[in-house]
Amino acid sequence: MAVPSGSSFSGPGPKVLIVGSGIAGIGAAQRLYQHGCRNLQILEATGRCGGRIRTTRFAKGLVEIGAQWIHGPSKENPVFQLSSQYDLLDEKALSEENQQVEVGGHPTYPFTSYSSSGKTVDPELVNSITDLYGTILDQTRDFINKDFDYAASVGAYIKKDIAHHAQEWTGDEASKKLKMAILNTLLKLECCISGTHSMDLVGLSPFGEYKMLPGLDCMFPGGYESLIEHMLKSLPKDIVLLEKPVKTIHWKGCFRGQTPQEQTFPVQVECENGETFTADHVIVTVPLGYLKEHCNTFLHPPLPSNKIQAIRKMGFGTNNKIILEFEKPFWKPDCHLINLIWEDESPLVEVRPDLQKDWFKKLIGFIVLEPPEQYGHVLCGFLAGNESEFMETLTDAEVVTSLTEVLRRFTGNPNIPPPINILRTKWHSNVYTKGSYSYVAVGCSGEDIDTIAEPLPEGTAESKPLQVLFAGEATHRSFYSTTHGALLSGWREAERIICLQDAQGGKAHL
Ligand code: 6YU
């Protein structure tokens with residue numbers, strides 16, 4: 001959403017600059033403002049607020065370009081809490097019953113599964129294989145307090161266990177093959193959930209640190225961005241300066257303020273257009289994908305080497321959506337999810353995909369956006385990894401042609417007309433995001449997340465502490481990759497500044 005430009009930098013107390021106007025940045029600003037901080041400004045690179053929370057009109061209704069659901073909408077989830085306060089959720093989402101549902105991060109919807117030979121796959125078979133997969137996946141979360149193995153991956157563990165279970169399978173070769181193909185689709189889904197190319201890239205030992213909250217995932221009837229709009233309403237209109245991409249944060253300095261009366265400041269933020277802003281504290285909330293690309297130059301003096309290493313090691317992958325509108329539905333009214341099962345695929349057989357030829361094989365299928373009266377006849381597909389990044393380079397027409405062929409082939413109906421409208425997300429090409437969200441990669445631990453989150457200068461000996469602070473989803477050890485993790489991280493860094501001010505002489509300073 002667009003916000004008029006101007007400057008709200010005024011008043012006594014420490015000057016705080018926030019880089020990035022996603023939910024972490026706006027959350028930090030809200031917390032500081034509520035605490036009396038009036039010397040506050042957010043610098044946003046793009047022409048809108050919200051970052052990876054972005055809603056747009058499509059077909060008959062609203063669709064989400066970024067975050068889709070509140071994961072675990074229940075009391076402990078601050079996004080749920082805030083959205084309830086703002087009255088943004090429907091009755092079902094708010095009900096006690098909904099808040100108590102335990103889905104372990106994998107909500108299930110009534111589905112239809114199609115195979116690549118154009119047949120409907122028996123839902124009982126899909127359910128039994130999904131249960132088996134769920135049991136294996138649960139075990140991957142049990143490694144937190146065991147001997148830390150930096151080389152082990154979630155993917156390797158799952159595959160080993162699948163091979164073990166497969167030995168006990170009875171039945172003919174064709175049915176065993178189909179079970180493997182279903183498991184492969186479930187692994188592709190896991191790649192979308194974790195935002196990674198392959199589960200072989202996701203570290204096993206830290207995997208269980210990600211915390212799942214109770215509650216059946218819910219959406220925002222007025223779009224996820226309605227939350228951002230409400231948060232911004234509680235702040236001065238001119239708090240966000242749009243189209244101010246920050247190039248370098250100069251810290252450990254002694255910079256003159258904009259007016260002769262002003263004291264000197266330890267930090268100066270330099271934008272890409274040469275404009276500068278001085279501050280006592282800067283909260284950086286840029287995505288990990290952006291930090292990875294700019295970690296050598298984003299700070300001057302440069303980031304300490306342990307932080308650079310942690311930024312490089314942590315995973316940040318791509319999960320994109322392909323949203324299609326059809327004139328008429330070809331799916332049944334009780335179908336909420338369409339699974340695509342490629343019969344010749346197996347998690348135990350490694351293939352190097354030919355991206356040009358096979359990119360669409362990574363698509364897990366489509367969720368049906370409902371009800372049709374609200375959305376029109378709209379399907380939303382998910383696609384992660386290298387194939388997803390390749391898809392971003394194609395034209396709409398190329399994607400429509402490939403997906404129409406896929407749908408005709410899988411449903412066995414050669415007459416399905418092409419979609420009348422398409423909308424694709426391109427998170428990897430977005431220069432201020434460079435992907436979708438973070439994961440703890442092989443070779444990383446939760447400590448790397450804490451290292452990224454640690455403020456600068458390190459330690460407490462400096463006379464001017466908390467010059468550069470770090471928030472954003474990738475800095476939350478147990479809720480990384482989510483909107484609630486991002487919001488909590490923004491609050492955490494705002495609290496750090498508030499505590500420092502309180503320690504230095506009370507609230508009057510803010
Ligand atoms: C969730 C969900 N969800 C789908 C897709 C995506 C994400 N997420 P921001 O990027 O928002 O803000 C930073 C700002 O900084 C931004 O505005 C930039 O323009 C700006 N900036 C950058 N560089 C700058 C510079 N130099 N100068 C100035 N400004 C600069 N989360 O809760 N539910 O359904 C989904 C989904 C396609 C892309 C999601 C979901 C992730 C969230 O969107 C994301 O975490 C937050 O919005 C980030 O906010 P922020 O403020 O930190 O950054 C076991 C286990 C596995 C763990 N994974 C579990 C799965 C959870 C993820 N779920 C994903 C599913 C979907 C569909």
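A polar contact is a pair of N or O atoms within 3.5 Å; within protein, one of them must be able to donate a hydrogen and the other to accept it. Keep in mind throughout that this is a predicted model.

**Stop 1: Thr 285**

Select Thr 285, in the loop that runs between β12 (281–284) and α9 (288–294). Which backbone oxygen lies 2.7 Å from a polar atom of its side chain? It belongs to Val 19. The side chain of Thr 285 also reaches the backbone oxygen of Gly 20, at 3.3 Å. Now show the residues in contact with Thr 285, leaving aside neighbours within four places in sequence: Ile 18, Val 19, Gly 20, Ala 24, Gly 25 and Ala 471. Is Thr 285 buried or exposed? Its relative accessible area is 10%, and buried means under 20%, so Thr 285 is buried.

**Stop 2: Thr 248**

Another threonine comes next. Select Thr 248, which lies in strand β7 (residues 246–250). A polar atom of the Thr 248 side chain is 3.5 Å from the backbone oxygen of Thr 297. Thr 297 is also among the contacts of Thr 248 once neighbours within four places in sequence are left aside; the others are Gln 268, Val 269, Glu 270, Phe 298, Leu 299 and His 300. The relative accessible area of Thr 248 is 9%, and this residue is buried.

**Stop 3: the ligand**

How many residues surround the ligand? There are 47, and the closest are Glu 44, Arg 52, Trp 69, Val 246 and Thr 483. By type, the shell divides into 25 nonpolar, 17 polar and five charged residues.

Next, look for oxygen atoms of the ligand beside the protein backbone:

- A polar backbone atom of Ile 23 is 3.2 Å from a ligand oxygen.
- For a polar backbone atom of Gln 68, the distance to a ligand oxygen is 3.0 Å.
- At Thr 482, a backbone N or O atom lies 3.3 Å from an oxygen of the ligand.

Taken alone, the ligand exposes 1,300 Å², and the protein buries 98% of that. Colour α1 (23–34), α7 (173–194) and α16 (483–503): these are the elements that give two or more residues to the shell.

**Stop 4: helix α2**

Select residues 78–85, which form helix α2. Within this helix, Pro 78, Val 79, Phe 80, Leu 82 and Ser 83 are buried. What covers them? The cover includes α1 and α16, along with α3 (91–94), α4 (96–100) and α8 (225–233). At the start of α2, find Asn 77: one of its side-chain oxygens reaches to within 2.9 Å of the backbone nitrogen of Val 79. After the helix comes Asp 87, which has a positive phi, near 65°.

**Stop 5: Phe 330**

Move to Phe 330, in the loop between β15 (319–326) and β16 (337–341). With a relative accessible area of 21%, Phe 330 is partly exposed. Leaving aside neighbours within four places in sequence, Phe 330 is in contact with Ile 338, Leu 379, Leu 407, Thr 411 and Ile 416. Draw a distance from the C-alpha of Phe 330 to that of Ile 416: the two residues are 86 apart along the chain, and these atoms are separated by 7.1 Å.

**Stop 6: Val 121**

Select Val 121, in the loop between β5 (111–115) and α5 (123–140). Val 121 is buried, at 5% relative accessible area. Then find Ile 65, 56 residues from Val 121 in sequence; C-alpha to C-alpha, the two are 30 Å apart in space.

**Stop 7: the cysteines**

A disulfide is a covalent bond between the sulfur atoms of two cysteines. How many disulfides does the structure hold? The number is zero. Select Cys 49: the nearest cysteine sulfur, that of Cys 271, is 15 Å away. Cys 49 is buried, with a relative accessible area of 0%. Finish at Cys 218, where the nearest cysteine sulfur is that of Cys 380, 16 Å away. Cys 218 also counts as buried, at 7% relative accessibility.

Key: Residues are numbered from 1 along each chain as its sequence is written. This is a predicted model: local features need pLDDT of at least 70, side-chain atom pairs count only at pLDDT 80 or more; totals for chains, interfaces and linings use all residues. Side-chain values use heavy atoms; hydrogens and water are left out. Helices (H or I, at least four residues) and strands (E, at least two) are DSSP runs, numbered from the N terminus. Buried means under 20% relative accessible area, exposed over 50%, partly exposed in between (1.4 Å probe, protein chains only). Contact means heavy atoms within 4.5 Å. A disulfide is a pair of cysteine sulfur atoms within 2.5 Å. A residue is near a molecule or strand if one of its heavy atoms lies within 4 Å of it. Accessible areas come from the Shrake-Rupley method with a 1.4 Å probe; for residues, only the protein chains shown count as cover. Ala, Val, Leu, Ile, Met, Phe, Trp, Tyr, Cys and Pro count as nonpolar, Asp, Glu, Lys and Arg as charged, and the others, Gly among them, as polar.
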